[in-house]
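Colleague: I am new to reading models. Could you take me through this one, a question at a time?

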Amino acid sequence: MTDYVLRIEHLSKSFEGSQVFNDVNFAVEQGELSSIIGPNGAGKTTLFNLITGYHVPDAGQVVFRGQNLVGLQPYDIVRLGMARAFQRTNIFPRMTVLENVVASVISRNQGNLDMVKPVDSLRSVHKRAFEILDSVELADMAHRQSGILAHGNQKRLDIAVALALEPALLLLDEPTQGMSPDERWQTVNLVKQLWEDLKITMVFIEHDMDIVFGISQKVRVLCYKSLLAEGTPSEISANRQVIEAYLGEEV
Ligand SMILES: Nc1ncnc2c1ncn2[C@@H]1O[C@H](COP(=O)(O)OP(=O)(O)OP(=O)(O)O)[C@@H](O)[C@H]1O
């Protein structure tokens, strides 16, 4: 039987009478690396906001590991094992790179530093934070102030902060936005490597179709207030409706 980590059921959302989605349904399989695509304003970020508790749907359910999340606060949803890297990064700019990840590791442990051996406990938190920074290739910048890092490195740090939460599901909102072409592919390859190593289910929003078709196992297309199509990259790139509505002929 297929194991679904996330199920979106009959999700609808309007803002001030203007409908963004009407009755969206899909399910994300455990371990999947998938993408959400669609025109500007199709509701991709709104979908992430609904999944992570930043918005409340007008109707429908977001079921994560069997539990309906609607009505829960974002921090409750993080505790249940879902993390998100934002379109605009969510780091503390005055803190160092290491401190940002340490804060996330401590929050993952729900603030439970071992009070009997606090030094050992802090050591293990730092060790864990360095492992995570290593995995996103930022360990050599651990002591720099986060706010002055280059944009691409801030996005990596945002991913590191999300990874420190040890999520079962990681949502990445345009992880390569604002990067140079080289930096984009470095980051995408890093995301793919993390996915292979950590076996986390990942869903990302992306506008660059080379990236989408290059690394996704499954692609979902939001358009016309609904899920227009879902399938493998080759199915989506050959889908007439998707070509007409979004991709154009050249893909
Ligand atoms: N908090 C809000 N209040 C009012 N309208 C909103 C709000 N958030 C999003 N919208 C509207 O919902 C629609 C979908 O926006 P959203 O940002 O989710 O699209 P998107 O697909 O992520 O776009 P892009 O690709 O440009 O990032 C837009 O028309 C947007 O103006």
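Modeller: Helix α1 covers residues 44-51, and its buried residues are Lys44, Leu47, Phe48, Leu50 and Ile51. Keep in mind that this is a predicted model.

Colleague: Within what arc do the buried residues of α1 fall, seen down the helix axis?

Modeller: An α-helix has 3.6 residues a turn, so residues three or four places apart point the same way. The buried residues of α1 line one face of the helix, because they fall within an arc of 160°.

Colleague: How confident is the prediction, as an average pLDDT for the protein?

Modeller: The model has an ipTM of 0.95 and a pTM of 0.91. Of the residues, 95% score at least 70. The average pLDDT of the protein is 91.

Colleague: Which glycine follows α1?

Modeller: Look at the residue's phi. It is positive, near 85°. The residue that follows α1 is glycine 53.

**Around the ligand**

Colleague: Which element gives the largest share of the shell around the ligand?

Modeller: The residues around the ligand are Phe15, Val20, Gly38, Asn40, Gly41, Ala42, Gly43, Lys44, Thr45 and Thr46. Helix α1 runs over residues 44-51. The largest share of the shell is three residues, and they come from α1.

Colleague: How many residues of that shell are polar?

Modeller: Sort the shell by class. Three of its residues are nonpolar and one is charged. The polar residues number six.

Colleague: Is glycine 43 buried or exposed?

Modeller: Glycine 43 is one of the residues around the ligand, and it sits in the loop between β3 (33-37) and α1. Leaving aside neighbours within four places in sequence, its contacts are Val20, Phe21 and Leu222. The cut-off for buried is 20 or more other C-beta atoms within 10 Å. Glycine 43 has 23, so it is buried.

Colleague: How far apart in space are glycine 43 and lysine 13?

Modeller: In sequence, 30 residues separate glycine 43 from lysine 13. In space, C-alpha to C-alpha, the distance is 9.4 Å.

**Two more positions**

Colleague: Is proline 57 buried or exposed?

Modeller: Proline 57 lies in the loop between α1 and β4. Its contacts, leaving aside neighbours within four places in sequence, are Leu11, Ser12, Lys13, Leu50 and Val70. Leu50 is also one of the buried residues of α1. With 25 C-beta neighbours inside 10 Å, proline 57 counts as buried.

Colleague: How many other C-beta atoms lie within 10 Å of asparagine 25?

Modeller: Asparagine 25 is in strand β2, residues 18-29. Asparagine 25 is partly exposed, and its count of other C-beta atoms within 10 Å is 14.

Colleague: Which value is phi of arginine 65 near?

Modeller: Most residues other than glycine have a negative phi. Arginine 65 is in the loop between β4 (59-64) and β5 (67-68). It is partly exposed, with 16 other C-beta atoms within 10 Å. Its phi is positive, near 45°.

Colleague: Where is glutamate 137?

Modeller: Glutamate 137 is not a glycine, yet its phi is positive, about 60°. It is partly exposed, with 15 other C-beta atoms within 10 Å. Its place is in the loop between α4 and α5 (151-163).

**Two domains**

Colleague: How far apart are the C-alpha centres of domain 1 and domain 2?

Modeller: The domain assignment gives domain 1 as 1-81 + 167-250. Domain 2 is 94-166. Their C-alpha centres lie 26 Å apart.

Colleague: Which helix gives the largest share of the side of domain 1 that touches domain 2?

Modeller: Ten residues of domain 1 are in contact with eleven residues of domain 2. By class, the domain 1 side has seven nonpolar residues, two polar and one charged. The largest share of that side is four residues, from helix α6 (residues 181-198).

Colleague: How far apart in space are asparagine 109 and histidine 207?

Modeller: Asparagine 109 is in the loop between α3 (97-108) and α4 (118-135). It is partly exposed, with 16 other C-beta atoms within 10 Å. In sequence, asparagine 109 and histidine 207 are 98 residues apart. In space, C-alpha to C-alpha, they are apart by 35 Å.

Definitions and conventions
Residues are numbered from 1 along each chain as its sequence is written. This is a predicted model: local features need pLDDT of at least 70, side-chain atom pairs count only at pLDDT 80 or more; totals for chains, interfaces and linings use all residues. pLDDT is the predictor's confidence in each residue, from 0 to 100. A residue is buried if 20 or more other C-beta atoms lie within 10 Å of its own, exposed if 12 or fewer, and partly exposed in between; C-beta atoms are placed from the backbone. Helices (H or I, at least four residues) and strands (E, at least two) are DSSP runs, numbered from the N terminus. The arc is that of the directions from the helix axis to the C-beta atoms. A residue is near a molecule or strand if its C-beta atom, placed from the backbone, lies within 6 Å of it. Ala, Val, Leu, Ile, Met, Phe, Trp, Tyr, Cys and Pro count as nonpolar, Asp, Glu, Lys and Arg as charged, and the others, Gly among them, as polar. Domain bounds come from an automatic or database domain assignment. Two residues are in contact if their C-beta atoms, placed from the backbone, lie within 7 Å.
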